[in-house]
Amino acid sequence: MKISVKLFTILGLFFLAAAVVYAIWTRGTEWVGIPGLFALAAMQFMIAYYLRLVDKEYKTGVDDQDDGEIKEYAGVYARFAPWSWWPLGLGAAVAVVFLGVAIDWWIFIIGIFLGMFFVTGWVFEFSKGEHKH
């Protein structure tokens, strides 16, 4: 994980420098690329911060060892629900949200409520029914 943290931190610094140079080069008149590059730098820093937090919790990983093997990554990482229909509904809700942005605001609001419903269902999927913990 330490290598990944360094990689995303370096990428964040690169995109931050690129955003500053681009802002100076265009004299701040370009309203798409400048915020896009700053947002890209912020995303890289967020990933690096997340990986740093995970590294503190799980300590040294296989990728940090010089003699680490790929097969050492084997094991259970999380709980997955391959039978779940909630992600499909959430994808449809996101499609309705984008349709609402293109057509009219009331469709957008319907999509937001559908999205809240499907996210809630997905989050609490393991809290009820035959798969509850």
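Contact means heavy atoms within 4.5 Å. Leaving aside neighbours within four places in sequence, S84 is in contact with W122 and E125. This is a predicted model, in which local features need pLDDT of at least 70, side-chain atom pairs count only at pLDDT 80 or more, and totals for chains, interfaces and linings use all residues. Residues are numbered from 1 along each chain as its sequence is written, and side-chain values use heavy atoms, with hydrogens and water left out.

- S84 lies in the loop between α2 (33-58) and α3 (86-102); helices are DSSP runs (H or I, at least four residues), numbered from the N terminus.
- At 14% relative accessibility, S84 is buried (buried is under 20% relative accessible area, exposed over 50%, partly exposed in between; 1.4 Å probe, protein chains only).
- The side chains of S84 and E125 are joined by a polar contact of 3.0 Å, that is, a pair of N or O atoms within 3.5 Å; within protein, one must be able to donate a hydrogen and the other to accept it, and residues adjacent in sequence count only if both atoms are side-chain atoms.
- The S84 side chain also reaches the backbone nitrogen of W86 at 3.3 Å.

**Aromatic pairs**

- The whole structure holds 4 aromatic pairs (rings of Phe, Tyr and Trp, its six-membered ring, with centres within 6.5 Å; planes under 30 degrees apart are stacked, over 60 edge-to-face, the rest tilted).
- F14 and F15 are edge-to-face because their ring centres are 5.2 Å apart and their planes at 65°.
- F14 is exposed at 51%, whereas F15 is buried at 18%.
- F117 and F118 also pair edge-to-face, at 5.2 Å centre to centre and 70° between the planes.
- F117 is partly exposed at 49%, and F118 is buried at 18%.
- W86, F117 and F118 form one aromatic cluster.

Technical notes. Helices (H or I, at least four residues) and strands (E, at least two) are DSSP runs, numbered from the N terminus.
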